[in-house]
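Subject: Structure handover

Hi,

Here is the structure we talked about. My notes follow below it.

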Amino acid sequence: MDWKLALSVTLVGISIVFLALVCLWLIVQGIGAFMSRSKKDGGEKSLAVKPEIREETAAEEVIFDAGNNFEEELVAVITAAIAQYESGEFRIKSIVRKRSKRVEKKRSAWALEGMRSGIENRFRV
Amino acid sequence: MIKDFIDTVGQLLSDSGFANFTWGQLLMILISCVLMYLAIKKQYEPLLLLPIAFGMLLTNLPIAGIYHPDIFINESQHIDWSAFANGEAGLVDIFYLGIKLGIYPPLIFIGVGAMTDFGPLIANPKSFLLGAAAQFGIFAAFIGALLFGFAPAVAGAIGIIGGADGPTAIYLASKLAPDHLGAIAVAAYSYMALVPIIQPPIMKLLTTKKERSIVMEQLRPVSKLEKICFPIIVMILVICLVPDVAALVGCLMLGNLMKESGVVERLSKTVQNELMNIVTVLLGVSVGCTAKAENFLSGGTLVILGMGLVAFAIATAFGVLFGKLMCVITKGKINPLIGAAGVSAVPMAARVVQKVGQQENPGNFLLMHAMGPNVAGVIGSAVAAGVLLSMLG
């Protein structure tokens, strides 16, 4: 066996693999740091207009809750299903609903959607 | 008249495949049936193992003449184009051109790129190091294959099995060891399917219960701009460093850019589905057909299978050991198990990490953390393949 060839291929190979991936690590790290810094700067600059945005967000959240009050439950069920899939030993013993909101039963999905778009139009400038 | 009838039937039987079976072909048919069973019943990498096994069955039926290795592997070291002009070439000979000319693996890589999310790697770029550490398996298997007396080029192709990346293994084997392409592809895909069996004992052996229970911090959100810049940066850097894998890395990053840019959704969907599926069928059948009894049934194939297993085990071990080192350096912020995902096998290796981690701590979700080293391993194995190709090709 040609030990010289074996060692040279191994050393060169490992060195180049590490060199390439370390360079990528540093570049990606640098870009990430730059992006988060520019994001922070952008955030500070836009503080003046923040209250206006907040109002709109709050209104949208109310509408969202009225139409999709089962969302939290859905998230809990999907999370539990993923956990169950990933781990054989995980068991769901019970699902406790801690917070519940009443929704008028007579209202159909169409009516809710109409109400939602109506409110949304009123908030539109 | 009856004599003529008997003579004709006798002639037909003696010319048929039944009279021309060899023991080697019968054994290969048995092996292909076992692989088909594993693909269908056990669902071991069925998308590729099934066409490979079927190709293996097809090529070992006597007198079928659908694949002629001498067209591609001959003294002149060039494709014998006259066989195509004369109509001597079979259907699989035409399919096989896609491997010989290095077309299928890059096309598969476009689809792989379009299906890969580099987000976890961008969010935690330290994962690049784990992806690099797991490439030790490739070079360990290379040395092992040299010790068994293989030529350096063939040893390099055997070593790449440790990269746990099917298209890269096929690409390199078609360039460095076309004689052993079938065995190398079967070994690569079989061990990728067996990752959930091979990795956990090594991971548990090299880590303590406390290390396996480490809960990692949630990854930061990655912006769209970062995801768009990533494939371009990787492509420029890797191709400038190792030009021999320009086709593989270029196609991988093209697919990823299509996905992340969000402006060519139709193309992205096509490369993920239709293109990927068509190429998978052609690639699988062609690779399977190279496994003819006369070149597959040899001691060399057993050594290739053995070295492939060694490569996977060493890659996993080095990944975990490097993870332990990073765990010490970061004062316990990194769970060493994620190092095992540095062997490419996407996303199987990351899933194994998640499962082993949850056995110790059911509330621990390591999947996204393991996806970082997992996709870094794909880039790492492509770089390693480029080095082997440039030094041994």
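A search of the whole structure, which is a predicted model, gives 11 aromatic pairs over all chains. One of them is W81(B) with F84(B). Their ring centres lie 5.6 Å apart, with 45° between the planes, and the pair is tilted. W81(B) has a relative accessibility of 47%, so it counts as partly exposed. F84(B) is also partly exposed, at 21%. The cut-off for buried is under 20%.

Another pair is F136(B) with F318(B). Here the centres are 4.4 Å apart and the planes meet at 20°, so this pair is stacked. The pair joins distant parts of the chain. F136(B) belongs to helix α10 (residues 136–147) of chain B, and F318(B) to helix α20 (residues 299–329) of chain B. The two are 182 residues apart. F136(B) has a relative accessible area of 25%, which means partly exposed. F318(B) is partly exposed at 34%.

There is also a ring cluster. Ring pairs tie together Y67(B), F72(B), W81(B), F84(B) and Y96(B).

The axes of helix α6 (residues 91–100) of chain B and helix α18 (residues 265–289) of chain B come within 9 Å. They cross at roughly 105°. The two helices are therefore roughly perpendicular to each other. By type, that is 9 nonpolar residues, 1 polar and no charged.

Helix α16 (residues 224–241) of chain B and helix α17 (residues 246–261) of chain B also pack. Their axes are 9 Å apart, at an angle of about 170°. α16(B) and α17(B) are therefore roughly antiparallel. α16(B) supplies K224(B), K227(B), I228(B), P231(B), I232(B), V234(B), M235(B), V238(B) and I239(B) to the contact. α17(B) supplies A246(B), V249(B), G250(B), M253(B), N256(B), L257(B), E260(B) and S261(B). The contact residues divide into 11 nonpolar, 3 polar and 3 charged.

What about the length of helix α21 (residues 348–360) of chain B? At 1.5 Å a residue, its 13 residues should span 18 Å. The end C-alpha atoms are 19 Å apart, which agrees. The buried residues in α21(B) are A349(B), A350(B), V352(B), V353(B), Q354(B), V356(B), G357(B) and Q358(B).

One residue to look at is T168(B), in helix α12 (residues 166–176) of chain B. Is T168(B) buried or exposed? Its relative accessible area is 0%, so T168(B) is buried. Leaving out residues up to four places away in sequence, T168(B) touches F109(B), I160(B), L248(B), S381(B), A382(B) and A385(B).

Finally, chain A. How many helices and strands does chain A have? There are 4 helices and 0 strands. Along the sequence, the pattern reads α-α-α-α. Chain A has 125 residues, and 16% of them are buried.

Best wishes

Note on methods
Residues are numbered from 1 along each chain as its sequence is written. Chains are lettered from A and ligands numbered from 1 in the order in which they are written. This is a predicted model: local features need pLDDT of at least 70, side-chain atom pairs count only at pLDDT 80 or more; totals for chains, interfaces and linings use all residues. Side-chain values use heavy atoms; hydrogens and water are left out. The expected span of a helix is 1.5 Å times one less than its number of residues. Buried means under 20% relative accessible area, exposed over 50%, partly exposed in between (1.4 Å probe, protein chains only). Rings of Phe, Tyr and Trp (its six-membered ring) pair if their centres lie within 6.5 Å; planes under 30 degrees apart count as stacked, over 60 as edge-to-face and the rest as tilted. Contact means heavy atoms within 4.5 Å. Axes are lines fitted to C-alpha atoms, for helices over the stretch in contact, and angles run from 0 to 180 degrees between N-to-C directions. Angles under 35 degrees count as roughly parallel, over 145 as roughly antiparallel, 65 to 115 as roughly perpendicular and the rest as oblique. Ala, Val, Leu, Ile, Met, Phe, Trp, Tyr, Cys and Pro count as nonpolar, Asp, Glu, Lys and Arg as charged, and the others, Gly among them, as polar.
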